Every structure is written in structure tokens, then in C-alpha cells.
Amino acid sequence: MRNRLRFYDSLQISQDFLTFPFVARLNLFRGPDIYQLISEYVEYRIQEAKKEAFREGFEEAIERIKEAINKEIEDYMALVTKIVDFIYETVKKEFKDLKIIEERTNFYFGSKWIKILFIIETESSELEIGLSNFLNEVEKVVFNKLNYVCELLFLNKKNVEIDQESLNNDYPFIRRREDAS
Amino acid sequence: MPSFDQHIKQAQHNIEFLTSFYKTYKFNDWAITVSFYTAIHIIEAIIAKKGEIRFKGKEYKIQHSDQLSNILKTYKESLPKNFSEEFITHHHVMRKLIVNENFPQVSDWFNLLYNDSRTARYRKYQWQNYKVDLVVKTSLKELIEWANKESGAELSLTL
């Protein structure tokens with residue numbers, strides 16, 4: 001368990017990750033139309049910005065706030081993706097008899113809540129405990145060091161009938177994996 | 001606000017209810033639910049006993065986790081960066097953050113129960129026997145032993 005701490009620094013958003021093209025990052029998840037979701041959120045924030053703009057000078061304020069919103073969204077999505085991938089890779093290396101089948105999320109641009117659900121498959125209850133502890137460690141680091149509230153959950157689908165509709169509703173975005181079967 | 005004694009009494013009440021049916025494995029969904037709410041009473045009992053907690057390094061004098069939400073709602077300027085006001089209304093989330101920062105000895109056990117309570121609906125409330133054993137014999141048992149040691153409570157779980 002302890003040796004995972006060395007990975008934690010890599011949770012910081014690195015420069016190269018931030019400069020990874022935004023549009024390309026949007027394609028890392030499949031699910032509902034994320035462009036629509038983002039444009040609705042940006043539109044909402046612009047409406048809010050307009051109120052401020054009347055006081056400060058319309059064009060400059062809109063431009064400044066738009067840039068700030070885009071930066072916020074990019075940082076947030078980069079972090080969600082990085083956490084998903086960090087956990088996926090760590091589990092692959094360290095939890096030999098536990099397989100992550102799917103990583104699902106939803107994006108909360110307003111609150112910046114990070115909510116990720118890992119659909120897993122394992123027959124070992126010890127590994128379930130191990131994964132739960134690991135996810136809790138990551139949650140703590142993300143909250144303590146980066147200030148994001150993070151909820152990382154897992155669901156072992158072994159011998160369980162999944163309510164796909166609820167899952168699609170609450171966690172509509174699924175991380176694309178090239179090696180997925 | 002319920003006192004330490006009231007939370008402990010309610011926790012013991014729940015434990016007795018749990019032990020009355022748990023081994024039949026006929027009501028596994030209820031076993032998970034009762035375990036989670038017992039854990040909440042245990043956590044709230046300890047908060048009531050201590051009378052203060054830390055949140056993002058700051059000390060707050062509270063008797064119940066809900067009071068932290070009210071304080072943060074009143075003094076919004078003290079909210080940490082990236083911490084949306086929205087979280088203040090999520091009592092389960094707030095309690096979990098409190099447990100992580102203040103009670104690291106049991107945060108992993110509490111987290112396991114939290115995970116199961118949050119994912120119950122996606123599994124259509126079907127719980128295998130091993131999951132119930134995991135929750136009752138490990139998570140809940142550890143929380144009970146910790147609470148007894150921490151506060152002098154005399155909770156007892158007979159399996």
C-alpha cells in the first residue's frame with residue numbers, strides 16, 4: 001500500500017497534460033454529447049458574466065470571463081481524466097485478480113465535483129477492501145492537495161444484475177479504452 | 001442535537017436489530033442499510049463527545065456534522081478554494097470529509113460502507129452473503145471497537 005504514495009505527485013496536472021489539445025481530450029469519453037453540455041454551461045456562465053459586463057465594459061469582460069471559464073473546464077476535465085487513468089493503471093499493475101471493466105463519470109462544471117464509478121470484476125473480497133482503501137487514499141490526496149471534492153466508488157458486477165438505466169443516468173460518460181474488448 | 005449517549009443508544013438499538021436477522025441472509029439489503037446508519041450514529045457520537053473537529057486544517061466547535069454545514073453556509077468566505085457551496089448541502093459528503101480528516105483510523109472502514117450505500121441502487125439492491133459478512137464482520141466491527149476505545153462506549157456486536 002505505502003509504495004503507492006510515490007505516484008501521488010503525478011496527480012498534479014502536468015504542463016504537457018494541460019497543453020494536450022482540448023478537443024482531443026473531449027473524445028476520451030464516450031457518452032452523451034459533451035460539446036452540448038459544455039456549450040450550455042459556457043452559455044450559462046456568459047449570461048452571468050453579462051451582468052458583470054454592464055458594469056465593466058462589455059467586450060473585455062466577456063472575453064476575460066470566457067477565457068477563465070475555458071481554463072477552469074480544461075483543468076477540471078484534465079484532472080478527472082488523470083485520476084481515472086492513474087487508478088486504471090495502478091489497479092492493472094497491483095491488483096492482479098481484479099479487473100476494471102469500465103470507468104464512468106459525469107461532469108459537474110459548476111461545482112467541480114469529481115465523481116467516478118469503477119465497474120469491476122473480482123471474486124476476492126480482500127481485493128475489494130484493498131481497492132476501497134486505495135480509492136479512499138486517492139480521494140484524500142485530491143481533496144487535501146488539490147482542493148477538489150472527489151467521490152470514487154466501485155461496483156463489483158460479479159453475479160450482480162446491474163441497473164444500466166440508473167448507471168447511464170448518473171454516470172453517462174465512459175472512458176474510451178483502445179484495448180477494451 | 002442528539003447527545004453522545006443518544007447516538008450510542010441508537011447505534012446499539014440498530015446493532016441488536018441487525019443481529020436479530022443478519023445470519024439468515026434473507027434481508028441482506030436491510031443488513032447493509034442498518035450497518036451504514038449504525039456507522040453514522042457511531043461517527044456522530046464521537047463528534048458529539050469531542051465537541052470539535054478539523055476541516056481543511058481549521059478547528060470548528062460542533063456537536064454534529066450538520067453544524068459544520070451551517071457554519072460554512074454562514075461564513076462563505078471561509079470555504080476552501082474549489083469548494084462549491086453545493087457540497088454544504090450534501091450531508092453524507094460532508095460527513096465523509098470529516099471522517100477522512102479527523103478519524104483516519106477508521107476512514108477506510110467507513111468508506112467501504114459509504115461505497116456500498118452509494119452504489120446499492122445500481123445493483124438493484126441485491127447483496128450477496130459475502131458482502132454482508134464483509135460489511136458486518138469487518139467494517140462495522142472495526143468501527144464499534146474503535147468507538148468503544150475512543151469514547152468508553154460499550155457497544156457490543158455479537159456474531
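Chain B has a mean pLDDT of 93, where pLDDT is the predictor's confidence in each residue, from 0 to 100, and 100% of the residues of chain B reach 70 or more. The model as a whole scores ipTM 0.92 and pTM 0.84. This is a predicted model, in which local features need pLDDT of at least 70 and side-chain atom pairs count only at pLDDT 80 or more, while totals for chains, interfaces and linings use all residues. Residues are numbered from 1 along each chain as its sequence is written, and chains are lettered from A and ligands numbered from 1 in the order in which they are written.

Between the chains, 23 residues of chain A are in contact with 25 residues of chain B, contact meaning that the C-beta atoms of two residues, placed from the backbone, lie within 7 Å. On the side of chain A that touches chain B, at least two residues each come from α5 (125-146), β4 (150-156) and α6 (164-170), with α5(A) giving the largest share, seven residues. Helices (H or I, at least four residues) and strands (E, at least two) are DSSP runs, numbered from the N terminus.

α5(A) packs against α5 (residues 104-119) of chain B at an angle of about 105°, with the axes 9 Å apart; axes are lines fitted to C-alpha atoms, for helices over the stretch in contact, and angles run from 0 to 180 degrees between N-to-C directions. The two helices, α5(A) and α5(B), are therefore roughly perpendicular to each other, a term that covers 65 to 115 degrees. Here I129(A), S132(A), N133(A) and N136(A) meet S107(B), D108(B), N111(B), L112(B) and N115(B).

Notes. Angles under 35 degrees count as roughly parallel, over 145 as roughly antiparallel, 65 to 115 as roughly perpendicular and the rest as oblique.
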